[in-house]
Amino acid sequence: MPKPVPLPRLASVPPADPPYDERDGGGRITRPGTYGALALAPVPRRTGTPTDERRLRGLGQALAEVLAGRRPPETVAGRLTERAYRELVRAGKMIDAERPPLTGLPHVQRPRDGAIEMCLLVHCGPRSHVLAVRLERQGVQWLVTEFETA
């Protein structure tokens with residue numbers, strides 16, 4: 001059974017008299033952290049796992065280069081499960097690019113413990129593509145188990 005997702009904390013009601021802002025114990029104004037355009041989306045936590053944006057973007061960049069035919073698939077073999085690697089080799093060149101692909105910042109979700117899903121916008125000319133990747137923890141290593149592009 002999947003672990004239930006905790007509900008977001010509701011904002012406290014501002015006092016009836018100004019100032020209408022939140023203050024911590026030291027009197028400093030605090031604001032809730034937000035991420036992206038959705039004001040209610042929580043700020044992603046920084047951990048030592050591959051949720052590090054730079055590392056995930058690098059993996060997405062390498063996968064996009066393989067799918068554009070600009071990098072041999074063997075260079076990412078150690079980051080994919082055997083089944084995902086076979087699928088990558090079978091897929092071949094899926095992204096038709098006029099120039100080398102460049103990935104944007106990954107949008108990361110954690111559907112459950114031990115799983116990370118991300119999607120990246122791949123800029124490669126007048127038409128951009130999207131790359132979706134799922135990573136799962138296998139022992140002490142995070143491996144790509146699924147990928148999809150459009």
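**View 1. The whole chain and the confidence of the model.** Residues are numbered from 1 along each chain as its sequence is written, and side-chain values use heavy atoms, with hydrogens and water left out. The average pLDDT, which is the predictor's confidence in each residue on a scale from 0 to 100, is 78 for the protein, and 67% of the residues score at least 70. Over residues 32–41 pLDDT stays under 50, and for this stretch the model has 11 contacts beyond four places in sequence, a contact being heavy atoms within 4.5 Å. Where pLDDT is low, the predicted coordinates should not be read in detail.

**View 2. The surface and the interior of the protein.** Of the 150 residues in the protein, 31% are buried; buried means under 20% relative accessible area, exposed means over 50%, and partly exposed lies in between (1.4 Å probe, protein chains only). The accessible surface comes to about 10700 Å², and 56% of that area belongs to carbon and sulfur atoms, with areas taken from the Shrake-Rupley method with a 1.4 Å probe and, for residues, only the protein chains shown counting as cover. Among the contacts with a separation of 6 or more, 44% are between residues 24 or more positions apart.

**View 3. Helix 1 and the elements around it.** The buried residues include Leu56, Leu59, Leu63 and Leu67, and the buried residues of the helix pack against helix 2, strand 3 (102–103), strand 4 (107–112), strand 5 (115–123), strand 6 and strand 7 (141–149). After helix 1 comes Gly69, whose phi is positive, near 80°.

**View 4. Two arginines in the loop between the helices.** Arg70 is placed in the loop between helix 1 (53–67) and helix 2 (82–91), and Arg79 is found in the loop between helix 1 and helix 2 as well. With a relative accessibility of 44%, Arg70 counts as partly exposed, and Arg79, at 46%, also counts as partly exposed. Leaving out residues up to four places away in sequence, Arg70 touches Glu65, Ala97, Glu98, Arg99, Pro100 and Pro101, whereas Arg79 touches Leu59, Gln141, Trp142, Leu143 and Val144. The C-alpha atoms of Arg79 and Trp142 are separated by 7.4 Å, although these residues are 63 residues apart along the chain.

**View 5. Phe147 and Thr149 in strand 7.** Phe147 has its place in strand 7, and Thr149 lies in strand 7 too. Phe147 is buried, with a relative accessible area of 16%, and Thr149 is likewise buried at 16%. Apart from neighbours within four places in sequence, Phe147 is in contact with Leu67, Ala84, Glu87, Leu88, Ala132 and Val133, while the corresponding partners of Thr149 are Leu67, Met94, Ile95, His129, Val130 and Leu131. A polar atom of the Thr149 side chain lies 2.9 Å from the backbone oxygen of Val130.

**View 6. Glu136 in strand 6.** Glu136 is found in strand 6, which covers residues 129–138. Beyond four places in sequence, Glu136 touches Arg112, Gly114, Ala115, Gln141, Trp142, Leu143 and Thr145. The Glu136 side chain also makes a polar contact with the side chain of Arg134, at 2.8 Å; a polar contact is a pair of N or O atoms within 3.5 Å, where within protein one must be able to donate a hydrogen and the other to accept it, and residues adjacent in sequence count only if both atoms are side-chain atoms.

Terms used: Helices (H or I, at least four residues) and strands (E, at least two) are DSSP runs, numbered from the N terminus.
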